[in-house]
Amino acid sequence: YDQLKAKLVHVMNKDTMPLVAGGSARAVAVVLTNPLEVIRTRIMAERGSQGSSGWFAVTRTALHNDGFMALWRGLVPTLYR
């Protein structure tokens, strides 16, 4: 946030700069952490039905069955939040 704010200080209006910097920082954080949230959710779902699976097994299964973009499933609703 602070790095974005420092870069935008010369380009944007002083009133809207924190809004844009905060929104951009949030979007970057969501894109980078969404795969971790997806794997965590799948682990919790599998523990309730089949027993405990590790994060590596869950990740491998997700990539094999649903492809690479499965790790970003639910990204758009999370960005809107």
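Biologist: Helices (H or I, at least four residues) and strands (E, at least two) are DSSP runs, numbered from the N terminus; in what order do the elements of the protein run from there on?

Modeller: The order is α-α-α-α, which comes to four helices and zero strands. Please note that this is a predicted model, in which local features need pLDDT of at least 70 and side-chain atom pairs count only at pLDDT 80 or more, while totals for chains, interfaces and linings use all residues. Residues are numbered from 1 along each chain as its sequence is written, and side-chain values use heavy atoms, with hydrogens and water left out.

Biologist: Is the protein compact or spread out?

Modeller: The protein is more spread out than a compact globule, because its radius of gyration is 18 Å, well over the 12 Å that the globule rule gives for 81 residues. The radius is taken over C-alpha atoms, and the rule is 2.2 Å times the number of residues to the power 0.38. Along the principal axes, the C-alpha atoms fill a box of roughly 55 × 20 × 20 Å.

Biologist: And what share of the residues is buried?

Modeller: Buried residues make up 21% of the 81. Buried means under 20% relative accessible area, exposed over 50%, and partly exposed in between, with a 1.4 Å probe and protein chains only.

Biologist: Changing topic: how many salt bridges does the structure hold?

Modeller: There are three, each defined as a side-chain nitrogen of Lys or Arg within 4 Å of a carboxyl oxygen of Asp or Glu. In general, side chains of opposite charge can pair when their charged atoms come close.

Biologist: Which residue does Glu 37 pair with?

Modeller: Glu 37 meets Arg 40, at 2.6 Å from N to O. The two are separated by about one helical turn, because they are three residues apart in helix H2 (residues 17-49). Glu 37 is partly exposed at 37%, and Arg 40 is partly exposed at 49%.

Biologist: What about Asp 66 and Arg 42: which helices hold them?

Modeller: Their side chains form a salt bridge of 3.0 Å, N to O. Asp 66 lies in helix H3 and Arg 42 in helix H2, so the pair ties together parts that are 24 residues apart in sequence. Asp 66 is partly exposed at 37%, as is Arg 42 at 21%. Asp 66 also meets Arg 73, at 3.8 Å from N to O.

Biologist: Now the aromatics. How many pairs does a search of the whole structure find?

Modeller: The search finds two. Rings of Phe, Tyr and Trp (its six-membered ring) pair if their centres lie within 6.5 Å; planes under 30 degrees apart count as stacked, over 60 as edge-to-face and the rest as tilted. The pair of Trp 55 and Phe 56 is edge-to-face, because the ring centres are 6.0 Å apart and the planes stand at 90 degrees. Both of these residues, Trp 55 and Phe 56, are exposed. Phe 68 and Trp 72 form a tilted pair, 5.2 Å centre to centre with 50 degrees between the planes.

Biologist: Which residues make the nonpolar surface patch?

Modeller: The patch is made by Leu 63, Phe 68 and Met 69 and covers about 330 Å². Patches take residues with over 30% relative accessible area and no salt bridge, joining like charges within 9 Å and nonpolar side chains (Val, Leu, Ile, Met, Phe, Trp, Tyr) within 5 Å. Met 69 is found in the loop between helix H3 (55-66) and helix H4 (75-80), and is exposed at 59%.

How values were computed: Accessible areas come from the Shrake-Rupley method with a 1.4 Å probe; for residues, only the protein chains shown count as cover.
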